[in-house]
Amino acid sequence: MSVELPACRLHPWSWLFHAAGALKEIALPLLILVVLRREQELLVFGLGAAAVVLVCAYGWVRARSFRYEVLADEIVIREGIFTRESRHVPFTRIQAVSERRGLMHRFIDVTELVLESGSGGRPEAVMRVLYPREAARLAAQLRLHRAAQGDPAASAASGATGVSGATAPSAALGQGTAVPGQAPARLLAVPTWELIKLGLNSNSDFLMVAMVAAVVSK
């Protein structure tokens with residue numbers, strides 16, 4: 001049976017991650033400003049300090065404006081600063097729940113929860129960030145709902161969940177266990193050159209910073 005949870009906010013340190021995301025967007029313009037105005041140290045320092053303060057204020061307001069409520073059959077998400085947005089995400093639309101834990105997440109002991117649909121496009125919701133116990137409770141609520149709807153994979157995952165709340169990999173993926181002595185089948189082989197191009201594309205911002213630094217150093 002599904003249990004309705006009260007409306008919740010994000011983790012108190014969530015503003016730090018929102019601020020970091022905003023700072024990443026303006027990092028390159030700030031770097032160019034420092035390069036072009038490096039002789040005017042007072043101006044550069046003042047603009048940099050103002051940018052950091054504004055980014056931190058934005059992160060705090062953005063985190064405080066985010067609320068989510070878990071109902072019997074859906075998740076209601078309310079967010080937005082100037083324009084308030086309220087989204088009702090039915091459990092039937094959520095196909096996967098993934099957690100992201102980077103170095104900063106592990107240091108503060110938080111997790112970023114991503115609710116994804118089967119379309120493969122924009123996630124239904126990105127909760128940045130939650131207490132690990134809140135993320136586990138939300139994932140368990142989704143598994144219970146899917147099991148109540150007769151989803152065999154969700155039923156297996158719920159049955160394979162131990163006392164610690166960890167789910168067996170085979171049950172979580174809805175696949176059978178590997179046969180002993182049998183080599184696993186290769187699903188996809190990615191050429192080395194494709195991996196190199198993917199790395200260059202994923203780090204395009206850092207490449208731009210490196211090129212600017214190389215030009216300035218001449």
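The following questions and answers concern a predicted model.

User: Which residue of β2 is the bridge partner of Cys 8?

Analyst: Strand β1 pairs with β2, which covers residues 67-70, in the antiparallel sense. This pairing runs over 2 bridges. The partner of Cys 8 in β2 is Tyr 68.

User: Is Arg 64, a member of the positive surface patch, buried, partly exposed or exposed?

Analyst: The patch is formed by Arg 9, Arg 64, Arg 67 and Arg 84. Arg 64 lies in helix α2, which spans residues 41-64.

User: What is the omega value of the cis peptide bond between Arg 128 and Val 129?

Analyst: Most peptide bonds are trans. The bond that joins Arg 128 and Val 129 is cis, and Val 129 belongs to strand β7, residues 125-130. For this bond, omega is about 5 degrees.

User: What is the phi value of Asp 109?

Analyst: Most residues other than glycine have a negative phi. Asp 109 is a residue other than glycine with a positive value. Asp 109 is placed in the loop between α3 (103-108) and β6 (111-116). Its phi is near 65 degrees.

User: How far apart are the N and O atoms in the salt bridge between Asp 109 and Arg 101?

Analyst: Side chains of opposite charge can pair when their charged atoms come close. Asp 109 is partly exposed at a relative accessible area of 44%, and Arg 101 is partly exposed at 36%. The side chains of Asp 109 and Arg 101 meet in a salt bridge with an N to O distance of 3.2 Å.

User: Are Glu 79 and Arg 87, which form a salt bridge, buried or exposed?

Analyst: The closest N and O atoms of Glu 79 and Arg 87 are 2.9 Å apart. The relative accessible area is 11% for Glu 79 and 18% for Arg 87. Because the limit for a buried residue is under 20%, Glu 79 is classed as buried, and Arg 87 is likewise buried.

User: Which strands are linked by the salt bridge between Glu 112 and Arg 100, and how many residues apart are the two?

Analyst: The side chains of Glu 112 and Arg 100 meet at 3.1 Å, N to O. The pair links distant parts of the chain, with Glu 112 in strand β6 and Arg 100 in strand β5 (residues 96-100). The two residues are 12 residues apart.

User: What is the relative accessible area of Arg 100, and what is that of Glu 112?

Analyst: Arg 100 is partly exposed, whereas Glu 112 is buried. The value for Arg 100 is 42%. For Glu 112 the relative accessible area is 6%.

User: How many salt bridges does the structure hold?

Analyst: Among the salt bridges are the pairs Asp 109 with Arg 101 and Glu 112 with Arg 100. Salt bridges that share partners also join Arg 62, Glu 79, Glu 85 and Arg 87 into one network. The number of salt bridges in the structure is 9.

Notes:
Residues numbered from 1 in each chain as written. Predicted model: local features only at pLDDT ≥ 70, side-chain atom pairs only at ≥ 80, totals over all residues. Heavy atoms only, no water. Pairing = 2+ DSSP bridges. Helix = DSSP H or I, 4+ residues; strand = E, 2+ residues; numbered from the N terminus. Patch = residues over 30% accessible without salt bridge, like charges linked within 9 Å, V, L, I, M, F, W, Y side chains within 5 Å. Areas by Shrake-Rupley, 256 points an atom, 1.4 Å probe, with all protein chains shown as cover. Salt bridge = Lys/Arg side-chain N within 4 Å of Asp/Glu carboxyl O. Lys, Arg positive; Asp, Glu negative; His and termini not counted. Charge placed at Lys NZ, Arg CZ, Asp CG, Glu CD. Buried < 20%, exposed > 50% of the residue type's maximum accessible area, 1.4 Å probe, protein only.
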